[in-house]
Amino acid sequence: MNFDKELDARGMNCPLPILKTKKSLSDMASGQVLRVISTDHGSVKDMQAFANQTGNALVSQTEENGEYIFFMQKK
Amino acid sequence: MKKMAIIASKGTLDMAYPPFILASTAAALGYEVQVFFTFYGLQLLRKDLSSVMISPLANPAMPMPVPMPVMVQMLPGMESMATMMMKQKLKKHGVASLQELRDLCLEAEVKYIACQMTIDLFEFDKSEFIDNIQYGGAATFMEFAGETDICLFV
């Protein structure tokens, strides 16, 4: 999947992946896609909750070798 | 815009985390957030956070590497040791430092209100606190808290 920006949140724990995601999205344009990699198990549920509450779209979410990869499209 | 208010009344390392974690996260979710620091919570607004510590004493739920009798927990230096170990643990697990979370909150425009009465009571020196705070009392807090969607006491 194509993306416009990437955030490496590996090693970070709650609430840092969410805070960094928010920060990364803030200087992106509407419709652009952010790719986030995280190792925090809690971020799986939290990224969904973030998307639900902010209106940004969690386009896809996958797991690979203990790393979670999210594609978040800016509202 | 949704709003959240938190009263931060504790000044130990463990109890310092919930207000900053919730405030920064709520701000990231688009909430307008105010945190009112009162009593021991005021320690969290000091420029130097090194006095924010954790004590195993009277804290039986704190997980310890080895079970430690209360008589041992009372010994000098135990608090510093527990604090150092806790900070190492937080770092190892990728949890932000208090300083970092406090700065992230400010960056996200969380407002900090320091309780004026507590400052008078403990004769604190305002120059020891960070700059980006307002000073007020219960009525100041209520003005904002009365309009919030979430209001918490920590």
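Trainee: A salt bridge is a side-chain nitrogen of Lys or Arg within 4 Å of a carboxyl oxygen of Asp or Glu. Which residues are linked in a network of them?

Mentor: A:Asp8, A:Arg10 and A:Glu67. Some ground rules: this is a predicted model, where local features need pLDDT of at least 70, side-chain atom pairs count only at pLDDT 80 or more, and totals for chains, interfaces and linings use all residues. Residues are numbered from 1 along each chain as its sequence is written, chains are lettered from A and ligands numbered from 1 in the order in which they are written, and side-chain values use heavy atoms, with hydrogens and water left out.

Trainee: How many salt bridges over all chains?

Mentor: Seven. One of them joins A:Arg35 and A:Glu6, with the closest N and O atoms 2.3 Å apart. A:Arg35 sits in strand β2 (residues 33–38) and A:Glu6 in strand β1 (residues 5–9) of chain A, 29 residues apart. Strands (E, at least two residues) and helices (H or I, at least four) are DSSP runs, numbered from the N terminus.

Trainee: Is A:Arg35 buried or exposed?

Mentor: Buried, because its relative accessibility is 18%; the cut-offs are under 20% for buried, over 50% for exposed and partly exposed in between (1.4 Å probe, protein chains only). A:Glu6, at 43%, counts as partly exposed.

Trainee: Switching to the interface. How many residues of chain A are in contact with chain B?

Mentor: 13 of chain A, against 15 of chain B, with contact meaning heavy atoms within 4.5 Å. The two chains bury about 1100 Å² between them, 64% of it on carbon and sulfur atoms. A:Pro15, A:Leu16 and A:Leu19 supply 37% of the area chain A buries there, more than any other three residues. Buried area is the accessible area (1.4 Å probe) that two parts lose on being put together, summed over both.

Trainee: Which side chains meet in a salt bridge there?

Mentor: The rule finds one across this interface: A:Lys23 with B:Glu107, at 2.7 Å from N to O. On the chain A side, α1 (16–26) and α2 (42–54) each give two or more residues. α1(A) gives the most, with six.

Trainee: What classes make up that side of chain A?

Mentor: Six nonpolar, four polar and three charged residues. Ala, Val, Leu, Ile, Met, Phe, Trp, Tyr, Cys and Pro count as nonpolar, Asp, Glu, Lys and Arg as charged, and the others, Gly among them, as polar.

Trainee: Back to chain B. What does B:Glu128 pair with?

Mentor: B:Arg46, with the closest N and O atoms 2.3 Å apart. B:Glu128 is partly exposed at 36%, whereas B:Arg46 is buried at 12%.
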